[in-house]
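Please look at the structure below with its ligands in mind. The report that follows considers how the protein surrounds them.

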Amino acid sequence: MGKSIGIIGAGITGLAAAFILSPKHEITIVARDMPGDFGTGWASPWAGAVFHPQSAATLSQQGMQKACFEFYWALAHRDPSSGVKVYPMTEYFDDRLDDSTIWYKGWMPEYRVIPSSHLPTGVKFGVNYTSLAMNPLILLPWLKETLVERGVKFIRSEVKSIAEAKAITKASIIVHASGVSAKELAEDRDVKPVRGQTMFVKTDFSRLVMREGSEYTYVIPRAASGGVIMGGVKSDRLDAEVDVDLKVDILTRVNRITNGAFMNVDLNLVEDIVGFRPGRDGGPRVEREGAVVHAYGMGGAGYIYSFGAAQKVRELIDGPEWKAML
Ligand SMILES: Cc1cc2nc3c(=O)[nH]c(=O)nc-3n(C[C@H](O)[C@H](O)[C@H](O)COP(=O)(O)OP(=O)(O)OC[C@H]3O[C@@H](n4cnc5c(N)ncnc54)[C@H](O)[C@@H]3O)c2cc1C
Ligand SMILES: *[C@@H]1O[C@H](CO)[C@@H](O)[C@H](O)[C@H]1NC(C)=O
């Protein structure tokens, strides 16, 4: 028998939970921001969004990332109109000399170590593999449309408490996926916004490149957009102003890891993006507390966890046997 389930939040976490739960259960989503909205109070429309396995992850977090990758991989092949696409990835590090600390070595498709003579200056180790990127501006509306077709209800409302969401959705179980609002709704002091600034640049460059360690730099092609997202930076600044010096810095760093592929970009013509990630000290919280299943604290990896977190949410509601029953 299906249960009546309310979900707080229509970001990637709430939508993914609705997607995994809706074949069986009756779902109502209550959210302040919905796909198609562009406020800075939520994170999902502002993401890159690259599937870049998170290196500092517990075994359970690794499991969610793997399940999520498999979901997106299948979706990219089944339905390209979802905005999910497969790309070659190059990942550079300057904080390690080998992959002894990389849990996804040999797990990501076509994983290969790059010979050190082929690494850019300053980079100490690098790998290639095949990964994915999601265009949130396509994927979020695609998910909403799919869910509406399945009978999922969407109610626009800003709730003051989880109890209020329960009353509005008339549900017996609440999935709590409010992103940065979990600071109030779950009274979780570890939750805090983490500012990000990126830019959308028109180009036919079509591979993923990242650098980690002493800096955090990336180029992410965006399906069906004619361009890439480049970044990045993490900061605890709370204003949404575009930092112009940072644009110059990002472009310089990106040119260093792409052998100067973006030398001719005019920074006055790019589209600036500022957004806030729903950060949490200690990482994501996907946990049941009575009739509430929390799914928040995704930080800079909400897309990387989304469908894996959703499968864990379903397990917390239906028990571990649900997958075997499919
Ligand atoms: C610049 C930038 C780049 C990023 N790049 C990547 C990337 O490459 N890969 C990746 O995986 N992630 C990336 N992220 C992170 C990603 O965007 C987030 O982790 C993800 O969007 C979080 O999704 P969420 O659904 O948990 O939260 P959100 O998207 O913030 O959604 C929260 C939802 O809850 C609703 N809500 C909040 N409070 C209330 C309330 N009181 N009442 C009702 N509804 C409420 C909101 O309206 C919204 O619908 C990036 C983020 C930024 C800013
Ligand atoms: C890694 O990827 C880059 C960019 O596609 C390519 O030029 C290079 O030959 C690849 N190296 C290896 C070892 O796969």
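In this predicted model, a backbone N or O atom of V50 lies 2.9 Å from an oxygen atom of ligand 1, which is a polar contact (a pair of N or O atoms within 3.5 Å; within protein, one must be able to donate a hydrogen and the other to accept it, and residues adjacent in sequence count only if both atoms are side-chain atoms). The table sets out the contacts of this kind to oxygen atoms of the ligands.

| Residue and atom | Ligand | Distance |
|---|---|---|
| V50, backbone N or O | ligand 1 | 2.9 Å |
| G299, backbone N or O | ligand 1 | 2.6 Å |
| S44, side-chain N or O | ligand 1 | 2.6 Å |
| N128, polar side-chain atom | ligand 2 | 2.4 Å |

Taken alone, ligand 1 exposes 1,000 Å², of which the protein buries 97%, whereas ligand 2 taken alone exposes 360 Å², of which the protein buries 48%; these areas come from the Shrake-Rupley method with a 1.4 Å probe.

Around ligand 1 there are 35 residues, where a residue counts if one of its heavy atoms lies within 4 Å, and T13, D33, S44, S181 and G299 come nearest. β12 gives the most to this shell, with four residues. Around ligand 2 stand T90, V113, P115, N128 and R207.

Residues are numbered from 1 along each chain as its sequence is written, while chains are lettered from A and ligands numbered from 1 in the order in which they are written. Because the model is predicted, local features need pLDDT of at least 70 and side-chain atom pairs count only at pLDDT 80 or more, while totals for chains, interfaces and linings use all residues, and side-chain values use heavy atoms, with hydrogens and water left out.

Methods. Helix = DSSP H or I, 4+ residues; strand = E, 2+ residues; numbered from the N terminus.
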